[in-house]
Amino acid sequence: MPADLDQQPQNHSEASHQDISAEDLRMMQQALALAAQAEALGEVPVGAVVVYQGDIIGRGYNRMITDADPSAHAEMVAMREAAAWLKNYRTLDTTLYVTLEPCPMCAGMLVHSRVKRVVFGAYDAKTGAAGSVFNLLQEPRLNHQVELCGGVMAEACATQLSNFFRQRRAAKKALKQAAKIQPSD
């Protein structure tokens, strides 16, 4: 992950921050707690919750390695649980909170499921599909557009990700150094 995860891309306006509520902050904290669960499993720390009528109906965190499933992104896991709870793939009138800007795969699923609103933390300048690289969630040629609120608790979300990758790089470097100093047989 790039060091500038929490920096707002130039094509985003500050207007995305004016709709942040106390509820948005509380739910993003829930998503951050789920991201910590992913990190404990050695997964990239991204967490997500789906809210319907004030209640959390879906929770998820990255599980790609754990489940050997390339689609097991936090958003996918949370939305699967929410759809099962609603007994409908269309998750109308729901809000997804996620600690990292959704990727194109997740953005496509969010449009297809007709989620009403997406609130995300850190911007992703490499694969973000909510305005950083693409804006699939508000693409006018698609049959549904999603309300967006980006940069909510961006610093906390980006720090969690940056620390994870910093620790991962340090561990990899230590392994390489240990391999160099071990005597050969």
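Residues 24 or more positions apart account for 60% of the chain's contacts with a separation of 6 or more, a contact being heavy atoms within 4.5 Å. Welcome to a predicted model, in which local features need pLDDT of at least 70 and side-chain atom pairs count only at pLDDT 80 or more, while totals for chains, interfaces and linings use all residues. Numbering starts from 1 along each chain as its sequence is written, and side-chain values use heavy atoms, with hydrogens and water left out.

**Overall layout**

- The protein chain has five helices and five strands; these are DSSP runs numbered from the N terminus, with helices (H or I) of at least four residues and strands (E) of at least two.
- Along the sequence, the elements follow the order α-β-β-α-α-β-α-β-β-α.
- Of the 185 residues in the protein chain, 47% are buried. Here buried means under 20% relative accessible area, exposed means over 50%, and partly exposed lies in between (1.4 Å probe, protein chains only).

**The annotated binding site**

- An unreviewed UniProt entry carries a "binding site" annotation covering His-73, Cys-103 and Cys-106. UniProt positions follow the numbering used here, feature names are shortened, and annotations may be inferred rather than shown by experiment.
- These residues spread over 34 residues of sequence but cluster in space, with a largest C-alpha distance of 9.3 Å.
- Cys-103 sits in the loop between strand E3 (94-100) and helix H4 (104-113), and counts as buried because its relative accessible area is 13%.
- Beyond its neighbours within four places in sequence, Cys-103 contacts His-73, Glu-75, Thr-127 and Ala-129.
- Cys-106 lies in helix H4 and is buried, with a relative accessible area of 0%.
- Not counting residues up to four places away in sequence, Cys-106 touches His-73, Glu-75 and Met-76.

- The buried residues of H4 are Cys-106, Ala-107, Met-109, Leu-110, Val-111 and Ser-113.
- Their cover includes helix H3 (74-86), E3 and strand E4 (117-122).
- Just after H4, Arg-114 adopts a positive phi of about 65 degrees.

**The nonpolar core**

- The largest nonpolar core holds 47 residues, and Leu-96, Leu-110, Val-118 and Leu-137 touch the most other members. Such a core is a set of buried Ala, Val, Leu, Ile, Met, Phe, Trp, Tyr and Cys residues joined through side-chain atoms within 4.5 Å.
- H1 supplies the largest share of this core, six residues.
- Setting aside neighbours within four places in sequence, Val-118 contacts Leu-96, Pro-102, Leu-110, Leu-137, Val-146, Glu-147, Leu-148 and Cys-149.

**Helices H1 and H5**

- The axes of helix H1 (residues 22-40) and helix H5 (residues 154-181) come within 10 Å and cross at roughly 10 degrees. Axes are lines fitted to C-alpha atoms, for helices over the stretch in contact, and angles run from 0 to 180 degrees between N-to-C directions.
- H1 is therefore roughly parallel to H5; the label covers angles under 35 degrees, with over 145 roughly antiparallel, 65 to 115 roughly perpendicular and the rest oblique.
- On the H1 side, Met-28, Leu-32, Ala-35, Ala-36 and Glu-39 meet Ala-156, Cys-157, Gln-160, Phe-164 and Gln-167 of H5.
- The residues of this contact divide into seven nonpolar, two polar and one charged. Ala, Val, Leu, Ile, Met, Phe, Trp, Tyr, Cys and Pro count as nonpolar, Asp, Glu, Lys and Arg as charged, and the others, Gly among them, as polar.
- Ala-36, in helix H1, is partly exposed, with a relative accessible area of 37%.
- Ten residues apart along the chain, Ala-36 and Val-46 have C-alpha atoms separated by 7.8 Å.
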